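Me: I would like to go through the labels used for this model and the values behind them. Please set each value against its cut-off.

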Amino acid sequence: MKIMTDKPSTKEIMVLAISLVAWISVTAAFIGIRPEHIGLGCFIAVLFLISRTTRKLVVALLPFALFGISYDWMRIIPNYEVNPIDVKGLYETEKSIFGIATAEGILTPNEFFHIHHCPAMDFMAGIFYLCWVPVPILFGLGLYFTRQRKTYLHFALVFLFVNLIGFTGYYIHPAAPPWYVMNYGFEPILNTPGDVAGLGRFDAMTGLTVFQGLYGRNANVFAAVPSLHSAYMVVALFYSFRARCSNWLRIVFAFIMAGIWFTAVYSGHHYIIDVTLGILCALLGICCFEYILMRIPKFRNFVARYTQYIE
């Protein structure tokens with residue numbers, strides 16, 4: 001068995017250099033370099049070179065890095081250039097299945113909550129939606145630093161896998177979110193900027209611009225199906241049952257998960273259909289990884305070697 005020293009091997013340095021150059025080159029050529037690209041590249045290089053401990057951490061976090069890069073690179077070929085955008089069809093399907101009868105007529109749940117909302121729910125909605133990426137990532141780091149490396153790696157790879165399935169869904173069926181219909185109607189308008197929708201009420205009441213900043217950098221607004229917001233906590237909750245953690249944490253995860261599902265609809269960012277497909281996307285990713293890919297000897301050996309590297 002090869003023993004990892006504090007100094008990376010020539011091969012490891014070459015792989016790092018080629019990977020960083022390839023990432024920066026593609027990003028610069030097709031998207032444009034932002035300061036955070038350079039800063040992140042330098043940070044990764046320093047962590048990789050500084051010690052064995054930090055090098056293992058960089059390699060362990062690679063699935064999350066690939067998730068971020070994949071999301072950013074969706075700007076290269078927008079999904080609406082691959083397939084037509086669904087605006088009206090999704091809206092009408094949501095209304096026919098989940099429509100709410102009111103004095104104003106049949107409303108989608110999003111339209112109902114756009115009229116009927118309250119400060120307490122607005123605040124909780126903001127809190128829930130602030131959890132959708134940080135909580136799973138913190139959970140992963142918790143697994144890593146408590147030396148549950150095998151469970152961590154399965155979680156991280158499934159997190160990436162679920163995202164890739166979801167991104168594929170974006171290209172198969174580009175779809176407008178509910179707030180788009182409320183603001184622009186049923187005609188697709190390309191290059192529409194992101195919108196905070198109902199989450200703007202959280203920004204307003206707290207004096208923060210957290211969601212304005214997040215949605216201002218949305219890679220593509222026509223990517224509502226499936227709702228990956230609704231998928232991440234499903235993955236975290238599943239692996240919490242495979243990890244050594246307390247039941248209270250699993251309860252918290254379940255509460256946050258349900259809160260994110262509700263907020264996705266309440267805030268006008270997703271239809272119930274989107275949320276349902278996001279949950280199914282997570283379950284599909286977990287099942288395919290654990291019960292299909294992990295039964296393929298070459299893939300299982302790859303995961304075993306990966307786990308050994310970061311131990």
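Reply: Start with Phe-155: leaving aside neighbours within four places in sequence, Phe-155 is in contact with Phe-64, Pro-136, Phe-139, Gly-140, Leu-143, Val-235, Ala-236 and Tyr-239, where contact means heavy atoms within 4.5 Å. The model is predicted, so local features need pLDDT of at least 70 and side-chain atom pairs count only at pLDDT 80 or more, while totals for chains, interfaces and linings use all residues. Residues are numbered from 1 along each chain as its sequence is written, and side-chain values use heavy atoms, with hydrogens and water left out.

Me: What makes a set of residues a nonpolar core, and which residues have the most contacts inside the largest one?

Reply: A nonpolar core is a set of buried Ala, Val, Leu, Ile, Met, Phe, Trp, Tyr and Cys residues joined through side-chain atoms within 4.5 Å. The largest has 67 residues, and those with the most contacts inside it are Tyr-152, Phe-155, Leu-228, Met-233, Val-235 and Ile-310. Helix H9 (residues 149–172) gives the largest share of this core, eleven residues. Helices here are DSSP runs of H or I with at least four residues, strands are runs of E with at least two, and both are numbered from the N terminus. Another core, of 15 residues, lies apart from it and includes Val-87 and Tyr-180.

Me: Why is Ser-227 called buried?

Reply: Buried means under 20% relative accessible area, exposed over 50%, and partly exposed in between (1.4 Å probe, protein chains only). Ser-227 has a relative accessible area of 0%, so Ser-227 is buried. Ser-227 is found in the loop between H12 and H13, and beyond its sequence neighbours within four places Ser-227 is in contact with His-270, Asp-274, Val-275 and Gly-278.

Me: What makes Arg-55 and Glu-12 a salt bridge, and where are they?

Reply: Their closest N and O atoms are 3.8 Å apart, so they fall within the 4 Å limit. Arg-55 is in helix H3 (residues 52–60) and Glu-12 in helix H1 (residues 10–30), 43 residues apart. Both Arg-55 and Glu-12 are buried. The structure holds eight salt bridges.

Me: What is the span of helix H15, and what is expected?

Reply: The expected span is 1.5 Å times one less than the number of residues. Helix H15 (residues 272–291) has 20 residues and reaches 28 Å from its first C-alpha to its last, close to the 28 Å expected. Its buried residues include Ile-273, Gly-278 and Phe-289.

Terms used: Salt bridge = Lys/Arg side-chain N within 4 Å of Asp/Glu carboxyl O.
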